[in-house]
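Student: Before we talk about enclosed spaces, could you show me the model and explain the terms as we go?

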Amino acid sequence: MIRVDSQPLYDALCPEWKLAPVPEPEERLSIVPLSSPVVAPGEPVTFGVSLLRHGKPVSGIGLKCKMEREFHEPVEFPLPTRSYPVEVTTDLERPGFVRLEARYGELSAACGGAVAPFEIAGLPDVPGFDEFWQRQLALLRSVPMKVLKMEEIAPVLPEYADRVRCFDLRIACAGAKPVSAILAMPRNAAPRSCPGYAFFHGAGVRSAFQPLTWAAHGLIALNVNAHGIENNQPPEYYQELEKGELADYARRPVLEGEASPFRDMFLRVLRALEFLRSLPEWDGKNLAVHGGSQGGLQSLAATAFDPAVTVGLFNAPAGCDQLGVLVGRAASWPGAVSFHPVSPEANRCAALFDGVSLARRSRAKAYFTVGFSDPAAVPSSVYAAFNAYGGAEKEIMDFPDCGHAGAVFWAGEAELLRELKRE
């Protein structure tokens, strides 16, 4: 499904989340698809490139451009602008993606094109994947689910105070850190009356935040910080962690799966869901997981290892088909795969936490989003996960005009909310 960087369905169903319109900048670069954004192998992919001032194309400006085609070396070239979009055409001989980027001073723009994306196949599972995760799930089961902290806190937005209760949580978990999350639920919710919803964070170091709007829509909503750290601390607390203990955590070379930060992160995902399912207000039927980038990867871990999950929204999930870079695909975040030189031990470790392998083991209904010019959750890796996804009900929303930002990160929320409230 092709979409653009707006979503009327989202605005209509969730008016309190409607984004404020952004004024047109005085000057910006524009790259738009002039051909179909999805083509067959060997067919042309054409982009139109413009420098816009006050919304109108300007001629005679020299741009620096780069064309990236999977399985090929990138090509850089100059491009003079015209008073109309300048056409740039390329192709690709097999399933994959192409990406055109343009720069002028501090300005930049990018756009992507898909070549037979439903034929993209991720690499096979690393040997020992299931055995590794059976050991980790057994370890999690060996640690009782104990609530270490459940402190009621005031909603940060006073207009929700009469409708929503919030709690700062810490829950015992296997691994080095407990689950750290913020729970929001409808005030005076009756037993077995609320669908469950859990949101997992993208990359970075930050507090969990209050999922007030989800709770106001009648859900038990859990917002889980990625690292098991304290919530609601001063900015300096998170800055120091990001510079110290958690510096470059996703790319640290590790040779054993148990040493990866993603092992503990995924176990906290599963313990958070176990806690949510234990709440008497949960309806016992509907359980959604949601996240973008690294949060999308965590959500895939949830659908792979917790059969109670009924629906997942994976916004530009990162960490998928990580070994694809070894066969010529664009490298997906976190870029932990070693190939100059190859480190088999480190690469095997990265593959133990790969989103494609998790997708193969998932069965819940699924919504994916993908940005065709995304340099982090690269689109071929997202399609590899989508194509491998084991659930029968799945949908992917294509954003040719998005990179690792914009609507690709909030599209699908209306569909998810409608799914949870369909009864």
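Tutor: On a 1 Å grid over the protein atoms alone, a cavity is a set of points where a 1.4 Å probe fits but cannot get out, and lining residues have an atom within 4 Å of a point. Grid points are joined across faces, edges and corners, and a volume is the space filled by probe spheres set on the points. This is a predicted model, in which local features need pLDDT of at least 70, side-chain atom pairs count only at pLDDT 80 or more, and totals for chains, interfaces and linings use all residues. Residues are numbered from 1 along each chain as its sequence is written, and side-chain values use heavy atoms, with hydrogens and water left out.

Student: How many cavities of 30 Å³ or more does this rule give, and how much space lies in the largest cavity?

Tutor: The rule gives two cavities of 30 Å³ or more, and the largest cavity holds about 170 Å³ of space. It is lined by 17 residues, and those closest to its centre are Ala250, Ser260, Phe262, Ala336 and Ala350.

Student: What classes of residue make up the lining of the largest cavity, and which helix gives the most to it?

Tutor: Ala, Val, Leu, Ile, Met, Phe, Trp, Tyr, Cys and Pro count as nonpolar, Asp, Glu, Lys and Arg as charged, and the others, Gly among them, as polar; by that division the lining has 13 nonpolar, two polar and two charged residues. Helices (H or I, at least four residues) and strands (E, at least two) are DSSP runs, numbered from the N terminus, and H7 gives the most to this lining, with three residues.

Student: What makes up the lining of the second largest cavity, by class?

Tutor: That cavity, with about 70 Å³ of space, has six nonpolar, two polar and three charged residues in its lining, among them Leu123, Asp321 and Ser357.

Student: Why is helix H6 described as largely enclosed by the rest of the structure?

Tutor: Buried means under 20% relative accessible area, exposed over 50%, and partly exposed in between (1.4 Å probe, protein chains only). In H6, 12 of the 12 residues are buried, so the helix is largely enclosed by the rest of the structure; Gly295, Leu300 and Phe305 are among the buried ones.

Student: How do you know that the span of H6 is close to the expected one?

Tutor: The expected span of a helix is 1.5 Å times one less than its number of residues. H6 (residues 294-305) has 12 residues and reaches 17 Å from its first C-alpha to its last, which is close to the expected 16 Å.

Notes: 1 Å grid on protein atoms, 1.4 Å probe; cavity = no way out; pocket = protein on both sides within 12 Å on 5 of 7 lines; lining within 4 Å.
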